[in-house]
Structure formats: structure tokens, C-alpha cells
Number of protein chains: 2
Amino acid sequence: MRTINVGLLGCGTVGTGVAKILIENKDLIFSRVGAVLNLKHIADIDLKTDRGIQFNDGMLIQDAFKVVDDPDIDIIIEMIGGETIAKDLILKAIHNGKPVVTANKALLAVHGNVIFKSAIEHGVDLAFEASVGGCMPIIKSLRESLAGNHIKSMAGILNGTCNYILSRSSEDGSSFEDVLTEAQKNGFAEADPTLDVEGVDAAHKLAILTSLAYGMEINFHDIYIEGISKITPMDIELAGQFGYRIKLLAITKDSGNAIEARVHPTMIPFANPLSGVNGVLNAVTISGDAIGDMMLYGFGAGMMPTASAVVGDVIDLARNILSGSTGRVPSLSYQMDHIRKIPVFPIEDIRVHYYFRFSALDRPGVLSKISGILGDYDISIKSVHQKGRKTKGAVPIVMLTHLAREADVQDALSDIYNLDVVSDPPVLIRIEDEDGED
Amino acid sequence: MRTINVGLLGCGTVGTGVAKILIENKDLIFSRVGAVLNLKHIADIDLKTDRGIQFNDGMLIQDAFKVVDDPDIDIIIEMIGGETIAKDLILKAIHNGKPVVTANKALLAVHGNVIFKSAIEHGVDLAFEASVGGCMPIIKSLRESLAGNHIKSMAGILNGTCNYILSRSSEDGSSFEDVLTEAQKNGFAEADPTLDVEGVDAAHKLAILTSLAYGMEINFHDIYIEGISKITPMDIELAGQFGYRIKLLAITKDSGNAIEARVHPTMIPFANPLSGVNGVLNAVTISGDAIGDMMLYGFGAGMMPTASAVVGDVIDLARNILSGSTGRVPSLSYQMDHIRKIPVFPIEDIRVHYYFRFSALDRPGVLSKISGILGDYDISIKSVHQKGRKTKGAVPIVMLTHLAREADVQDALSDIYNLDVVSDPPVLIRIEDEDGED
């Protein structure tokens, strides 16, 4: 009976989940893989916390480098997170010829190119299904199932905290701040939620997905990022009246010589299946030249769903070891000599539909001034609505536009805010409509 | 530059799609696989039809056995369908040591055990992602991504024809017959739609999924099958009033020593994401001990989505050839010596919630007679409604039950139909509620 020894670095929430699956489902995994996946060592600075698992004597140690240097260990699972010690450990494992499983999206988004290059040089597999979308097999789908497709676009709800906040606000009109506080109490949001609510976490994931989809170097820094902290219950309610829901979407589109890659609050029609994805759930739609549209939907975070994806990766790497097929599927979906630098469109160049909300004094001629400026910038208005209550003497004027260029929109809104009849900064929310009309 | 030669048997709709992808996306596939997938021969009796593809001279031939016997061909794609010649060709290919890709669910559901046994004996891979759910990676998910999970249950909308008919009836109240005729005109239903509308096609797919999920021999003949031909617009409308949609679901649940496996019209609450899957789209929800719930959603049929799954399989097998890792993942998800015969519950033993509709004469005491019989059989009523128009002197009485045993329900309905105040056979629709209450 063959045994594959596994070393786990970091035994926090997800790490504990991984240990649970490897220990409790050992027989099941054996019946599928035909070999024992043996969790030999777990490294964590905290040796005391009761994690609800029966560890063997000496299994839990403090020194992660000892695990990475252990010649008996065949696969390393990095669950420490962050961009410093985790990076050193992964590079050391690769250097030692050990394949690595990680869920560390921040690390891969920022330092991925170096890490993947090192893995290829050392002939080592690197698996990271759990870095995007928790239990959903989005990375395996892009690398394997959809490998015959030109990927045309993807749109994902990739951050559970944001989706929870927006869903709750949609349900009962609570403010961002109130739901965030509640989410922190319930464990759905971090004590410091900045990376989540400002869209950075979703952008880390998008950087990984775009690389896999199009065969490009990982490019996090050119992704446009806008979070949800400025989304008000009023805009959520108005969106609903127009048949839209507001979601934080990570969007990418292939435009031939460049790609779009952006994370921002987005209005999507009720008919879009992403609009029904609520709470902490995640989903990704993928559009390809053969598949048409496909969606994956499930828990994008949490102890066990994320651990499931990690163990799926461990099983993949174990199967590569058992069949002597390291490098069978390239980590980044394309062969290394086919990975190119593909430029990302600056946000100023995108063309989408827009929702605007202006706070204007209730005076004659206001509408004509606003629409005049929009006209000057070639922004064509689809509909105008005066909705909602007057607040502080100002009335909300809502407009939906035809396709317009972001640079024009930014300039126009800046001019409109300079009007003395407009009291607050204009609100802009991008709309993704699939109907293709302008 | 390495080349993998591919032979395609059958160039109908999906076969043509496969040829299109292999020819038109050849460079893309090369950039991902690192080898050329060369479509060497296509066998079809029809050499004349213009399929919109530029075939090389001599590529299209009539004799499928010549392709299977060609020593230069590395992978065989069987797209002929049916259970006779397709079976002979697959077994011959296996015998010749060639891995096979097929989408032939009827063949695998009925003759799968023999075919898989032969593939293992000859050390040959057999891939069949396209046999279930078109482009959705349900088989790869069960075999690989979710391999660390005990699968607890699955529920799938696996037949596009049925889903199209039920969705259209839900939208505008059209009858089964009218929508079927329209679907046949639009190419969404076969000239002989029996296998689809009577649930047999969905049951073929369910037989494959249950085997992969639980490690059991393929067992098509014990699946309970009930189609949608008796579903009326009235029941669809009433279901909506109670917060349910009616879908043809393929359902399986692990109950320890036996499994449930059944295909029938099912009422599911609006909150169930499957309820929003409309038209020809397919979806599967999978529940596992680690992932919680996950859903895959996409086109379950059609030329290009199905072809995408076939090409994904071809790429998988090509990667096995290139890395010398045939048998890396067992075709049926479990190692052969771990595949057991697991019994399927007879339908009589299941316990679910029910919707009943009785056509009763509008006389005093009718309700008491019906509810008396239900009480005698230990069937507890959750709610009673008299809804809808009186037709031919009878009024519809609708009841929703708590959990009840199917055998009791069948006996009770038989007794109720014998009442002289009940004019038509009672309507029974099973309900799947996730709330777990009784």
C-alpha cells in the first residue's frame, strides 16, 4: 500500500478543516486514490488550542521550515497566509522539489510570476484551487474542462463579506455600516475588513483568473478596484425599481489585444443568474466560444468548503506523484512559453451603461443644465427619473445611460458637481447588461 | 513537436462541433497542452452533407472500424450514439489499447459495467464528461475536485427538453402538448420525445452520477422514473401559489446502506437555486460533507457546449498519454476494488412531502372522507386549499402533507380514488424542501 506524506503549514481555521478531512475521510480518500494520504506533520506556532481533532503524538510542531525540509514529506500545504513567511516557505518547498498546495491569493496575485517561474524551473507542481471561489472548481475548469474554449469573459461574485453586506442591505434597507458591524459580530467579516469591502480581495482573485483564462502573466496592479463602502440603501432600492441588483463583481473581458479587468459595484438585471446569489455565497459565470455561458456557485469561503478545495488539490498532486506525471497540467493553464504580457485596458477606456444619481436643488432648469453637460460629452441618456425623498433641500435625480465611455463620464460628472445647483458628489454605478444594445 | 492523433466516429451535430473545436481552436489547444491534437480521421456514413468545416482530403471516411484499427490513432471519440454499433466500436478501441471519449449516456447507463471492466483490464482510459450535463464539469468535479468529500446528495435538472417545456408552461400556462409541439418545431425536442419527456434520459445520467458519487456499480434499472407528460398548467400554477416551481429532478441521496435514486416531477421552493434554472439550461446541486452545497449551471445539450466537454476529455486523455499516466484517475471515481453493489431504495420506502390534488364533487362531507383516509394511512396534512375553477362539476382540493411514506401515499390515493365523490385519478407531486422539518 503506497503512502503519500503530507505536511501542513498553518493550522488556523482552514488549516484545521484540511486536517479534519485528511484524518476523518482517510478511508474514503484511499478508496478513490488507491494510496494513503498521511498527514505527517502540522506546523503552527500555537500548540495549545483545542482544534477538535485527535492529533498523533509529535504530529503538531512549531517549526514550519522543519516540515518543508523533511525528506519524507511529499506534498506541502501552505495555509499560513500573508506575503512574507508564506512566500519563503513556498519557495523553500519548491527548491526542495516538493509540490505545493496553497490558498494564498494575495501572495499569488502579487508575487505569483516569481513563484510560478521557480516551480517550473524546479519541475514542481503548484496547485491553488482554494485561492479563488472556495469549493467551486473554477481553476480546474479553466485549466482542464474548458481547455478547448477561447474564454470570452468572466464575471464573479468572489467576496463573501461584500455579498453578505449587499444582500442584507437589499433585504431590509440597512446601511453599509450597520450590516458591517453585524457581519463582524457573526464572523462573516474580519475585524479589519478593508481588503474585503474595498474590493482588494476580489481583485487578487481576478488577477489569478485572468492569467489562467488568457495565458497572461499575473497582473494585479493594473486591475481597477472600487469597493462597496459608498453604496447606499437608497441606490440599492432604486436599482431594484429599475430591475437591477447591485453586486460587487470582478469582471474580465477579452477584447483581442487587451483585456478588461475590473472590480466594482455593478448593477445586473434580475435575469442574470448572479443576481440571485445571496449572502456569503460566491458564483462565477464564464463565457466561452464553445460552452456559451456557464456558472459555478457555492461557498467561496469558510473552514470546510475551502478545505475541500485544498484537499482536492492535494489529491491531484498525489495522483501526479503516483503516476509520475508532474507538470501534466501547467499551473497557469498555458505552457510557460505561451504566457504573454497582455495589457489591461485603463478604466477610462471602457464603455458600459451607467446609473447616475445627482443631488440637485429643486429649481427650474437644473435638469437642462445636467443633461446639457452630458450631451456635451457625448453621453446619451436612456431615461431620467426623479425618485425618492427630498433630503436637505435636494432631490435625487436618477439617470440611466446608453453605452458611454468612462473617461467622458468622469469628466462630465466632475463638471456637473461644479454646478452650484448640485449639492453632493454625483453617484455612479456601472451596469452590466447582456442584451448587447447600446 | 509532439502530435496526438484523434479519430472521430460519427459526425452528426455534436461530432461536427467536436471537429470544429479541434480544427478551429488547434493553436489555442496547442498553447495549453504543449502538443498538437490532430484530427486524423472522421468516420460517418454521410460523406456529402456540408458541415461548414474544411476537411483535409481523405479525412472523412465511411468505415468507423478502420479508424478504430488505425495504429496511428491515439484517441477515439465515439459520437455515434445508441447501444449497438457504438458499443462494438468502443470495445474494439479498448481492445486495441486506445483510450475512448464518449457522450453516450444510454450506453454507459445500460452496459457501463461491462465497458468499464474491459477498459480497466486493457489499461485504457474512458472519459465521458459530455454524457451528463453538457458543458458542466460535473463528472470531473465528482472524480477530482470533490474527491475529499462524502457526497450526501445530488439533485439535477438534467434534461433540457423537459426543462424547456416546464419553464414555458410556467411562463404562460401552455399545456404540455402545445409546448412540446412548439419545442419540436424549434429543435428543442426530438421527433420522438419519449426518452426525454418520460424521464429516461435523465435517469441514464443519474445512473452514471450515482456510481461516481458513491462508488457503486452502475445501476440504471432500479432507478424510479416518472416523466412530465401528466403535469398540467393547473398544477404548475397552484405550485406557484404555494411558493414552488415544478422541475423534472434527478435526485440521489446517500442513506448509509442504501441510496435513493429517482427521477420525477418535483416541487421545489423559489429559494432553491434550481428553481431559477429555466429553458434548455441544466444545473446540478451537489451536497458534500465538506463543501456544503455547490451548484453547476450551464447548457446541458447542444452542439458546441457538448462538444466543449468532449474536447475537454480529449485534452485530459492527451495529457495522460503525454505524461505516461493512463489510469491516473479511475474512470468511475473509485478504485475498481472499492466499487460495490449498493442497493437502491424502492420508491415505496422513500419519505418526502407531497402535494395532492383531488377532483371532488362539491358535496358536504367530501373533505372529511378524504382526510379520514389519509389519517388512516398515517399521512399528516399540513394545509388544505380549495383552489381553482370548478370543471365538469368537480372542484380541485389541494393538500400539502408533512413527511409521509410513499407506500402509504399510494395506498391512500388508491382508496380515495375509489370514493364515489372523487371523479379523476388524484394528482401526486413530490416536494423537496430543504428546511428539514417534518
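Over how many bridges do strand 1 and strand 4 of chain A pair, and in which sense? Strand 1 (residues 3-9) and strand 4 (residues 75-78) of chain A pair in the parallel sense over 4 bridges. The legends below describe a predicted model, in which local features need pLDDT of at least 70 and side-chain atom pairs count only at pLDDT 80 or more, while totals for chains, interfaces and linings use all residues. Residues are numbered from 1 along each chain as its sequence is written, and chains are lettered from A and ligands numbered from 1 in the order in which they are written.

**View 1. The open sheet of chain A.** Chain A holds an open sheet of 6 strands in the order 3-2-1-4-5-6, with parallel pairing. Its edge strands are strand 3 (60-61) and strand 6 (126-127) of chain A, each of which pairs on one side only. Strands are DSSP runs of E with at least two residues, helices are runs of H or I with at least four, and both are numbered from the N terminus. Two strands pair if DSSP finds at least two bridges between them. Strands of a sheet pair through backbone hydrogen bonds, either parallel or antiparallel. Where strand 4 of chain A is concerned, Val6(A) stands opposite Ile75(A).

**View 2. Strand 4 of chain B and its partners.** Chain B also has an open sheet of 6 strands with parallel pairing, in the order 3-2-1-4-5-6. Strand 3 (60-61) and strand 6 (126-127) of chain B are the edge strands, each pairing on one side only. Strand 4 (residues 75-78) of chain B is joined to strand 1 (residues 3-9) of chain B by 4 bridges, and the two run parallel. Here Leu8(B) stands opposite Ile77(B). A further 3 bridges join strand 4 to strand 5 (residues 100-102) of chain B, again in parallel, and the bridge partner of Ile77(B) in strand 5 is Val101(B). Both faces of strand 4 of chain B are covered: Ile75(B) and Ile77(B) are buried on one side, and Ile76(B) and Glu78(B) are buried on the other. A residue is buried if 20 or more other C-beta atoms lie within 10 Å of its own, exposed if 12 or fewer, and partly exposed in between, with C-beta atoms placed from the backbone.

View 3. Strand 2 (residues 36-43) and strand 3 of chain B pair in the parallel sense over 2 bridges. Ile42(B) stands opposite Leu60(B) of strand 3.

**View 4. Helix 1 against helix 12 in chain B.** The axes of helix 1 (residues 13-24) and helix 12 of chain B come within 8 Å and cross at roughly 60 degrees. Axes are lines fitted to C-alpha atoms, for helices over the stretch in contact, and angles run from 0 to 180 degrees between N-to-C directions. The two helices of chain B are therefore oblique to each other; angles under 35 degrees count as roughly parallel, over 145 as roughly antiparallel, 65 to 115 as roughly perpendicular and the rest as oblique. Helix 1 of chain B passes helix 12 of chain B in a right-handed crossing, a crossing being right-handed if the near helix is turned clockwise from the far one by less than a right angle, and left-handed if anticlockwise. Among the residues that meet are Val14(B), Val18(B) and Ile21(B) of helix 1 and Met303(B), Ala307(B) and Val311(B) of helix 12.

**View 5. Where chain A meets chain B.** The contact takes 52 residues from chain B and 52 residues from chain A; two residues are in contact if their C-beta atoms, placed from the backbone, lie within 7 Å. On the side of chain B that touches chain A, helix 12 of chain B gives the most, with 9 residues. The residues of that side divide into 23 nonpolar, 21 polar and 8 charged. Ala, Val, Leu, Ile, Met, Phe, Trp, Tyr, Cys and Pro count as nonpolar, Asp, Glu, Lys and Arg as charged, and the others, Gly among them, as polar. Strand 12 (residues 292-299) of chain A and strand 12 of chain B run antiparallel and are joined by 5 bridges.

**View 6. The setting of Ser167(A).** Ser167(A) lies in helix 7 (residues 160-172) of chain A. This residue is partly exposed because 19 other C-beta atoms lie within 10 Å. Leaving aside neighbours within four places in sequence, Ser167(A) is in contact with Asn278(A) and Gly279(A).
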